[in-house]
Amino acid sequence: MAQSPPPSRVAAPQAQQTLARLDGVLPMRPGPLLDLLACDGKDPRQITKIIERDPTLTARVLGVVNSAGNRRLNEITAVGRAVLQLGAGPVHAIGLAMGLQSLSENLGLDKEQVTAVWNASVRKAEAAQLAALAIDPERKASAYTLGLIADLGLPMLMTLDPAFYRDRLALRPATQNWSDAERAHFGLDHAEAGAHVLQQWGVSDETSDRVRHHHQLSEPRDDAALTLALFVAGLLPHDDGEIDPTDLDRLMAVHGRVLTHAYATPDAFLGHVYAESQRRLGRDPSRDGGPALSPQPFLDAVAANTVHLVSQLCAMKQKHSRHKEDLSTLRFEAFTDPLTKVLNRRGFFSLAEQRLTKTADTAGVCCMLLDLNDFKPVNDRHGHDAGDLLLRGIAKLLRRAVSRSDLIGRLGGDEFAVLITDIDEHDARVAASRLRDTCLDKRVRVSPDQTVPIRFSLGAVYHAAGLGPASLDQLLAAADELMYQRKRGGQPGLIFSSYVGSDGSTILPGQS
């Protein structure tokens with residue numbers, strides 16, 4: 001797991017230039033965020049005083065507390081009352097997260113980038129805290145704070161080159177991880193940038209050093225539990241994308257060493273991380289509006305009790321869990337395309353038919369089929385490795401364009417399918433247009449000095465509720481017909497049809 005030394009340690013000119021540019025956009029003092037970082041989060045009066053000094057932070061903290069709090073309680077209108085109701089620790093954590101979000105917004109990034117970075121930071125903080133609870137519960141507060149600021153340098157680097165993160169980073173080669181891509185572009189990665197920012201703000205060397213090395217386990221530490229918890233957090237995605245396969249392997253290794261007594265599988269740990277991050281800083285959709293809402297999601301005791309209960313369950317069913325994990329691994333491998341990491345044909349058909357059976361004729365369905373144009377010439381001209389990079393690139397763009405719950409499958413060669421259930425026609429048109437716009441005019445780097453354009457034809461068909469059940473074969477056939485209409489037109493783009501008949505026929509659509 002050892003990595004190359006940070007660029008600033010070897011005084012690389014490119015890294016020095018990036019740090020100089022960072023200093024030019026760096027806020028001299030990040031408002032209440034620095035004060036919250038400097039305190040331990042245990043003194044209710046100190047937390048209240050820091051948050052109340054900033055009206056914007058006060059409004060955001062109270063907004064979060066009231067949106068996720070108990071509907072049976074009156075609205076909380078003062079920070080002091082929120083601290084009294086929830087405790088100093090949870091309000092301190094909320095304040096840190098809100099302060100970090102404000103800092104990212106003030107850097108001038110677009111809303112989508114700010115949201116992605118902020119959501120990822122909150123998930124990393126939860127991951128660090130839950131890992132610390134399983135390893136050494138006394139380090140949970142420090143782990144949460146460090147997990148939250150571990151990627152502090154990411155929005156700073158985004159400010160220097162937003163297009164790199166928005167467009168080029170997602171299409172990097174499969175052999176290059178996120179930090180390596182940043183080093184190649186800036187001369188340093190976000191961890192080194194974050195450590196530099198903290199040093200400029202006068203934060204302790206220990207904290208800056210932990211941020212600098214949060215992706216590493218190679219250096220000995222006095223506080224191994226905190227180091228390990230922060231490393232676990234660093235394995236989660238830096239945005240709203242999926243966890244990198246290499247990082248997933250590392251998480252499985254760490255899970256086998258220190259988390260098995262608390263979580264049966266790495267998936268169980270990740271599921272708890274995502275659930276807790278949602279409950280801490282937003283509504284819980286499954287319980288929203290019901291009388292059972294309570295402030296408990298904010299209380300660290302809930303996490304501790306959950307870990308205790310999961311530990312007991314694992315002790316009773318350890319052997320069963322191993323078998324279940326083995327079966328899950330086999331199912332994943334059987335259903336996943338190894339090149340692009342989306343569903344293979346077998347997996348897509350299996351899961352898509354299950355969803356269509358569940359929705360039956362009660363909800364609308366959108367099925368899309370995308371085929372790359374001029375794919376064979378790419379293989380012939382640049383080699384099959386270039387073709388593989390192109391396929392990985394389009395798969396990444398598809399994952400970016402649709403939600404986590406939507407199905408994406410590689411049906412074979414350069415043909416990909418997307419299925420979205422429980423959707424109305426307007427949202428289906430929006431989803432199809434978003435997928436088209438995400439892929440349109442993009443290029444994939446196939447060698448250090450060569451890129452190839454992504455050219456594609458996309459057919460999207462919408463089947464409304466109440467028109468009779470539609471089979472997956474009918475939907476794919478209709479989408480295929482539309483896709484080939486687009487391909488015969490000679491230009492990349494989309495054709496959308498709003499109706500599929502019971503015999504699979506389509507009304508002639510307009511072009512989009």
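**Entry 1: Val273**

Is Val273 buried or exposed? I looked this up first, in what is a predicted model. Val273 is buried, and its relative accessible area comes to 0%. I placed Val273 in helix 16, which covers residues 266-281.

I then listed what touches Val273. With neighbours within four places in sequence left aside, the contacts of Val273 are Arg123, Glu126, Ala127, Leu130 and Leu236. I also took the C-alpha to C-alpha distance from Val273 to Val122, which is 9.5 Å. In sequence, Val273 and Val122 are 151 residues apart.

**Entry 2: helix 8 against helix 14**

I next looked at how helix 8 (residues 140-149) packs with helix 14 (residues 224-234). Their axes lie 9 Å apart, and the angle between them is about 40 degrees. That angle makes helix 8 oblique to helix 14. For the hand of the crossing of helix 8 and helix 14, I noted right-handed.

Which residues of helix 8 meet helix 14? From helix 8 I wrote down Ser142, Ala143, Leu146 and Gly147. Leu226, Ala229 and Leu230 face them from helix 14. Sorted by class, this contact holds 5 nonpolar and 2 polar residues, with no charged residues.

**Entry 3: helix 3 against helix 5**

The axes of helix 3 and helix 5 (residues 79-86) cross at roughly 145 degrees and come within 9 Å. The crossing of helix 3 with helix 5 is right-handed.

On the helix 3 side I listed Pro44, Ile47, Thr48, Ile51 and Glu52. These residues meet Val79, Gly80 and Val83 in helix 5. The class count for the contact of helix 3 with helix 5 is 5 nonpolar, 2 polar and 1 charged.

**Entry 4: salt bridges**

Side chains of opposite charge can pair when their charged atoms come close. How many salt bridges are there in the count? I have 13 salt bridges, and I followed up some of them.

The side chains of Arg53 and Asp35 form a salt bridge, at 2.9 Å from N to O. Arg53 sits in the loop between helix 3 (44-52) and helix 4 (55-68), while Asp35 is in helix 2 (residues 32-38), so this pair ties together parts 18 residues apart in sequence.

Arg183 and Asp180 also meet through their side chains in a salt bridge, with an N to O distance of 2.7 Å. Both are in helix 11 (residues 178-186), and because they are 3 residues apart, about one helical turn separates them. I checked accessibility for each. Arg183 is buried, at 15% relative accessible area, whereas Asp180 is partly exposed, at 33%. I then asked what else is linked here, and found Asp180, Arg183 and Asp189 in a network of salt bridges.

**Entry 5: Arg212 and helix 13**

Where does the salt-bridge partner of Arg212 lie? The partner is Glu192, and the closest N and O atoms of the pair are 2.9 Å apart.

I went on to the rest of helix 13. Buried there are Ser208, Arg210, Val211 and Arg212. The buried residues of helix 13 pack against helix 8, helix 12 and helix 14.

I finished with two backbone angles. Lys341 is not a glycine, yet its phi is positive, near 65 degrees. Lys341 is in the loop between helix 18 (318-335) and helix 19 (345-359). At 42% relative accessibility, I recorded Lys341 as partly exposed.

Asp374, also not a glycine, has a positive phi of about 60 degrees. I found Asp374 in the loop between strand 1 (365-372) and helix 20 (375-382). Is Asp374 buried or exposed? I noted Asp374 as exposed, with a relative accessible area of 51%; the cut-off for exposed is over 50%.

Terms used:
Residues are numbered from 1 along each chain as its sequence is written. This is a predicted model: local features need pLDDT of at least 70, side-chain atom pairs count only at pLDDT 80 or more; totals for chains, interfaces and linings use all residues. Side-chain values use heavy atoms; hydrogens and water are left out. Axes are lines fitted to C-alpha atoms, for helices over the stretch in contact, and angles run from 0 to 180 degrees between N-to-C directions. Helices (H or I, at least four residues) and strands (E, at least two) are DSSP runs, numbered from the N terminus. Angles under 35 degrees count as roughly parallel, over 145 as roughly antiparallel, 65 to 115 as roughly perpendicular and the rest as oblique. A crossing is left-handed if the near helix is turned anticlockwise from the far one by less than a right angle, and right-handed if clockwise. Contact means heavy atoms within 4.5 Å. Ala, Val, Leu, Ile, Met, Phe, Trp, Tyr, Cys and Pro count as nonpolar, Asp, Glu, Lys and Arg as charged, and the others, Gly among them, as polar. A salt bridge is a side-chain nitrogen of Lys or Arg within 4 Å of a carboxyl oxygen of Asp or Glu. Buried means under 20% relative accessible area, exposed over 50%, partly exposed in between (1.4 Å probe, protein chains only).
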